[in-house]
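Subject: Structure for your files

Dear colleague,

Here is the structure we spoke about, with the sequence alongside. My notes on what was found follow below.

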Amino acid sequence: MFPEYDVIVVGAGHAGCEAAAAAANLGSKVILVTMNMQNMAQMSCNPAMGGIAKGQIIREIDALGGFSGIVTDETMIQFRMLNRSKGPAMWSPRAQNDRMQFSLKWRSILEKIPNLDFYQDAVTGLLKKGNRICGIKTSLGNEIYSKSVVLTNGTFLNGIIHIGERQLKGGRLAEKSSIGITEQLIEWGFETNRLKTGTPPRIDGRSLDYTKMEVQKGDTEITGFSFRNTIKPQKQLSCHITFTNPEVHKILESGFHESPMFQGRIQGRGPRYCPSIEDKINRFSERERHQLFIEPEGWNTIEVYVNGFSSSLSEQVQYKALTKVPGFENCKMFRPGYAIEYDYFPPTQLSLSLETQLVSNLFFAGQINGTTGYEEAAGQGLMAGVNAHLAVRNEAPLILKRNEAYIGVLIDDLINKGTDEPYRMFTSRAEYRTLLRQDNADLRLTEKSNQIGLASQERINNVLKKKGEIAKILSIVEDIKLNAGDANNYLAGINESPVTHKIKIAQLLLRPGITLQGLINNFYVVKNKLCVFSSEALQQAEISVKYEVYIEKEKDMVKKMSTLEDQVIPINFNYDRIASLSNESRQKFNKIKPQTLGQASRISGVNPSDVQILMVYMGR
């Protein structure tokens, strides 16, 4: 019934969809197996993409040739660029999306890929020959053979849903959990543990009084996520902000005696940076209110998402507390919030390609690795799909370094540090964040992706054109000089200190209050020279001038670290022969098997002195 495939992708969430698309577009024969084809790329929690550091990941996925950015742009109902008041390294795009259109758009894209097949069934086991994966088993008794397998199981592995004192088996509400894979991987020698995440209630938007809430509109300018010319919405829907209060907290506290979290029924750790509402009022009891974001679910639905009110308390307590929130006095609940506990596999068991160390050609991506968020999952999925394809062809994996991408930071953190709580990306995790901006993801990554055949020639042509424009703009801003009188007339109008002589516009741009667009708008000579260039190229050039010192400083840091990154450790290196290594470092090296000295230096618990010892030993 089934041919042998190059790649089997298990699970059609954000990680699975990106993995299947990447492998198939590279030329592999791929089958995507999911329990429900109606829920492909389902937004299980909030109907939004991007945000702080997460927006950078989506732009990187797009620059590499993935589809999350395109789908986000073409199904968005609101767009905002976060952190505009800060430097460009912190700017992070975020979009509210139409939940149903998002899933339908993803399915439409996947169905247009010629060598990608689909099959709806639950995967109950894996097949291997010796130490190599060779396929899967399904609940209908089918065996599907392949040269590699990518597991993207999300929250479905032995998933248990908690609502007050009730427990339901499932990976999402009304969807059954996945049984069998965890047990088999344990038999093969894998370590596993439990994590927990949650989601808030969904409410009938017609029952809310928005006049009691603060309106949150989208940006006037929609830059979007994709570097392609995607279709953006002509209008946007507003979100709203309201707050809890002491009365809400008192009602929630009345349900603590039946809380699965406080009564010990939930063993897995939850996300530190997205706690449940009961966790927030317990940990921050001194606060009288917590912010709630009221987010519409789409253009053609009345359902709204109550961001900030995730809960595993009983349905009755959740509802009673919500009615005391301003604007929710007469609310109608579609479904309660719940917590979900699921299996994950500590990612220190993987290599940097996301291939497991114990079984060759078996790859993990997404929440199975302990991450949280659509964006982190999608980034891992793309990389796992690429590397599964390359592994089948015995080619070297694509590994992004920490100075090349947030995706590189994400995977490097997971492999070297592991995680015992759901991992979430932040700009603070990236030591080279001035280099890893959302605006230059295409300049960083598209050529690298094009070299392996994923990013199209059209994309690489656009990048080369953009690079050429930036170089010309930088030359022009160094060449144009303004007379002191003309410059001072402009500077006086924006409360900037005057100059005493002719000045290059590149020098003016070093002032925080001066922008390239402002100079274009006020000086004909500048406008005449620069009006032919794209807004993206102009922005890149301005950032290059304004932040040159910081950019060069980070590039110097990269060069210093490259000496360690370039020193490759043989795959079968015997650390037990180095008697002077500490026991902890030796154990960590044997477990994680770092590929370079740079990777070895970032492993949690490894002392700098042990890295030096390793460096000296390798030098011999």
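Beyond its neighbours within four places in sequence, Thr 138 is in contact with Asp 121, Ala 122, Val 123, Thr 124 and Ile 144. One of these, Asp 121, makes a polar contact with Thr 138, side chain to side chain, at 2.6 Å. Thr 138 belongs to strand 8, which covers residues 132–138. With a relative accessible area of 4%, Thr 138 is under the 20% cut-off and therefore counts as buried. Please keep in mind that this is a predicted model, so the distances and areas in this message are all computed.

Next, the nonpolar cores. The largest one has 112 residues, and within it Leu 151 and Leu 362 touch the most other members. Helix 9 (residues 374–392) gives this core its largest share, 10 residues. There is also a second, separate core of 28 residues, among them Ile 473, Ile 476, Leu 491 and Ile 505. As for Leu 362, residues up to four places away in sequence aside, Leu 362 touches Leu 126, Ile 133, Val 149, Leu 151, Leu 185, Phe 190, Leu 354, Glu 355 and Thr 356.

About 30 Å³ of space lies in the largest cavity. Which residues line the largest cavity? They are Lys 196, Gly 198, Ser 276, Glu 278, Ser 310, Ser 311, Ser 312, Tyr 338 and Ala 339. Sorted by class, that lining has two nonpolar, five polar and two charged residues. Strand 12 (193–199) and strand 19 (338–344) each contribute at least two residues to the lining.

The second largest pocket has a volume of about 1,300 Å³. It is lined by 43 residues, of which Glu 221, Ser 535, Glu 536, Gln 539 and Gln 540 are the closest to its centre. By class, the lining of this pocket divides into 13 nonpolar, 14 polar and 16 charged residues. At least two lining residues come from each of helix 11 (441–452), helix 12 (457–479), helix 15 (516–522) and helix 17 (535–546). Helix 17 supplies the largest share of the lining, eight residues.

His 501 sits in the loop that runs between helix 13 (484–493) and strand 22 (503–504). Is His 501 buried, exposed or partly exposed? The relative accessible area of His 501 is 48%, which falls between the limits of 20% and 50%, so His 501 is partly exposed. Lys 481 is 20 residues away from His 501 along the chain, and the C-alpha atoms of the two are separated by 9.9 Å.

Thr 563 lies in helix 18, residues 548–565. A polar atom of the Thr 563 side chain is 3.0 Å from the backbone oxygen of Lys 560.

Regards

Note on methods:
Residues numbered from 1 in each chain as written. Predicted model: local features only at pLDDT ≥ 70, side-chain atom pairs only at ≥ 80, totals over all residues. Heavy atoms only, no water. Helix = DSSP H or I, 4+ residues; strand = E, 2+ residues; numbered from the N terminus. Buried < 20%, exposed > 50% of the residue type's maximum accessible area, 1.4 Å probe, protein only. 1 Å grid on protein atoms, 1.4 Å probe; cavity = no way out; pocket = protein on both sides within 12 Å on 5 of 7 lines; lining within 4 Å. Points joined across faces, edges and corners; volume = space filled by probe spheres on them. Nonpolar A, V, L, I, M, F, W, Y, C, P; charged D, E, K, R; others polar. Polar contact = N/O pair within 3.5 Å; in protein donor to acceptor, adjacent residues only side chain to side chain. Contact = heavy atoms within 4.5 Å. Core = buried A, V, L, I, M, F, W, Y, C linked by side-chain atoms within 4.5 Å.
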